[in-house]
Protein chains: 2
Amino acid sequence: MNYRQIIAVDAMGGDFGPSIVIAGVAEAFSKLEGTKFMLYGDRDKIGVELDKYEALKPHAEIHHTDKAISSEEKPSTAVRNSKGSSMRLAIEAVKDGRADAIVSAGNTGALMAMSKLLLRCLPGINRPAIASVMPTMTGKSVMLDLGANLTCDAEVLTQFAVLGAVYARVVQGITKPTVGLLNVGTEDMKGHEELRNAASVLSNVEFPGKYYGFIEGDDITKGTVDVVVTDGFTGNIALKTAEGVGKLSKEYLTQAFKSSPFAMLGYLLSRGAIKKMKDRVDPRKYNGGMFLGVNGVCVKSHGGSDAEGTANAIMVASNLVQNGFNQRVAAQIEQLMDQESFISVVGV
Amino acid sequence: MNYRQIIAVDAMGGDFGPSIVIAGVAEAFSKLEGTKFMLYGDRDKIGVELDKYEALKPHAEIHHTDKAISSEEKPSTAVRNSKGSSMRLAIEAVKDGRADAIVSAGNTGALMAMSKLLLRCLPGINRPAIASVMPTMTGKSVMLDLGANLTCDAEVLTQFAVLGAVYARVVQGITKPTVGLLNVGTEDMKGHEELRNAASVLSNVEFPGKYYGFIEGDDITKGTVDVVVTDGFTGNIALKTAEGVGKLSKEYLTQAFKSSPFAMLGYLLSRGAIKKMKDRVDPRKYNGGMFLGVNGVCVKSHGGSDAEGTANAIMVASNLVQNGFNQRVAAQIEQLMDQESFISVVGV
């Protein structure tokens, strides 16, 4: 049978292992025509789960291994001892061209280190970034880096801008996506030198997006730009702060509805609408950290994801494959690097 | 008449000028016994507003000046041309001991630069931080720096920990406040070198708080610690991201209640509870960025504050004065600097 795409899945990753991962694969399978899954991990544990999904079974291959990488392990140690692990075998399937994408809910640091080591970066990309889609007042934006690189120079930030802009264009269908650099103010003189240099490059080069300027923290959810570019330290803290505030709002709302009989009745009446509102910011909908810039599609699912979240991460991977994201980036980066204004600032 | 405290107010700061500032002063005056206000700015504009508040009038002095610092001005330019401005005159009142605190809703950068220049830092403090109180799942925490210093070494971060811990102890009444360093993970090897060095100092010195360890972005609202310490770049972005997510949640909730007749009825019934919930995260309640580490009490009110927000910023300043915050810090810092474990890491 001819498949449109083959997705390798690390079935042992995440807090719950195969039971949740395979349920997620089954859910994604029902939405993705012509997809084959290669499942890496314990044959018995995967088999038991797979038996529950008759439709999926003929399109899923189990690749047995006893070995799995723990989520507690230090990335460098994990990589050193990774031979034959479910995560590594799944990445190798992409490396050898047997699969189009890899999805794992395992150790993030190990997954990033191993992807870089085995798949390498796309030509012209110095360092891959973790990117994710975020809900905003006006729709959705993509933000990167969310934690792969603690510090980033102007060259790396410019490459992130290209990665984000290509993503917004080819996956989200925005013809000329706006790109903002996250900073502590919007004036030209604000922030670190790397940010000011990146701003100078992005103002002067041709790239798939349109440089908007510096943006501040509250611009992320305002939807001021389509692509938010930042270093991995700042991005990680902004993302987790946002998650924390989301939970705080939810908790305060729950407490409010429980605070009086009137409020409880009010809740019963507005329950449907409140549920829809919660759905809009449901973390499962935004699950799937994309490792953009890696030469191969690699998506990290949240360790605590349920089946729906896992399915979403698989859909994210499929979107990158189906839209030829990596090929488009390679072409754009080549164009970027030829430009005088890029060369003069980053000095490559 | 004998006053408990005298507060100098830059009446020309903020987006709305004296009309809002004086209304805020009047509101704070009604809550603060024995307080005198020195109001700096245009005598006529202040006078007109002051006429509206009979009780306040005998306890408020107008100090006329035509000059005000624009909120658009670059801090360095603003400082250079600051002589005789309402902001500078108000700071000078604190410098000369004629006032106990200064509150301004004007240009943040100019206020910080001028405070440092005129008031200097507390003995043993290298750089002041902007600190603010944040709502959490379990109560409130204090976070610093929110934007005064883009990069901070271990010594400065340690001083921030002391400033935050003294604040939590003397103003919030927490005997042994916990202090966390904001980072991208909780493991020892995570983050920048400065963070790891600061962690090493804080684990080994005696200071007014208890060092908890590294915390992540979502710990801010979880209330994991009483004091969140970070550099000004990260803190500024985390704070504004949190504000943005708060607004997004509010907007989604409003849309949800408007989405059907049932939901609207539900809103009518739960309105009181929802209002209480919104009050809990009302930015006006958290208005007042404290310039901790400056040798003089200086509080920045948000430029867009209304009278209630302005009054809150004045209350924040009064709390610092009444609890002898600066005197307590000076004593603690001296103790800290004498400790071997501090000296060995930061190398002072």
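How many residues has helix 12 of chain B, and what does it reach from its first C-alpha to its last? Helix 12 (residues 325-337) of chain B has 13 residues and reaches 18 Å, close to the 18 Å expected at 1.5 Å a residue; the expected span is 1.5 Å times one less than the number of residues. Helices here are DSSP runs of H or I with at least four residues, numbered from the N terminus. The model is a predicted one, in which local features need pLDDT of at least 70 and side-chain atom pairs count only at pLDDT 80 or more, while totals for chains, interfaces and linings use all residues. Residues are numbered from 1 along each chain as its sequence is written, and chains are lettered from A and ligands numbered from 1 in the order in which they are written.

Within helix 12 of chain B, the buried residues are B:Phe325, B:Val329, B:Gln332, B:Ile333 and B:Leu336. They cover an arc of only 105° around the axis, and therefore lie on the same side of the helix; the arc is that of the directions from the helix axis to the C-beta atoms. The face turned away from this buried side carries the exposed residues B:Gln327 and B:Glu334. A residue is buried if 20 or more other C-beta atoms, placed from the backbone, lie within 10 Å of its own, and exposed if 12 or fewer do.

The two chains are considered next.

Between the chains, 50 residues of chain A are in contact with 49 residues of chain B, contact being defined by C-beta atoms, placed from the backbone, that lie within 7 Å. On the side of chain A that touches chain B, helix 9 of chain A gives the largest share, 21 residues.

In chain B, helix 9 (residues 232-257) holds B:Ala238. This residue is buried, with 27 other C-beta atoms within 10 Å. Leaving aside neighbours within four places in sequence, the contacts of B:Ala238 include A:Gly217, A:Ile237, A:Ala238 and A:Thr241 of chain A, and B:Ile220 of chain B. B:Ala238 and B:Ile220 are 18 residues apart in sequence and 9.2 Å apart in space, C-alpha to C-alpha.

Definitions and conventions: Helices (H or I, at least four residues) and strands (E, at least two) are DSSP runs, numbered from the N terminus. Two residues are in contact if their C-beta atoms, placed from the backbone, lie within 7 Å.
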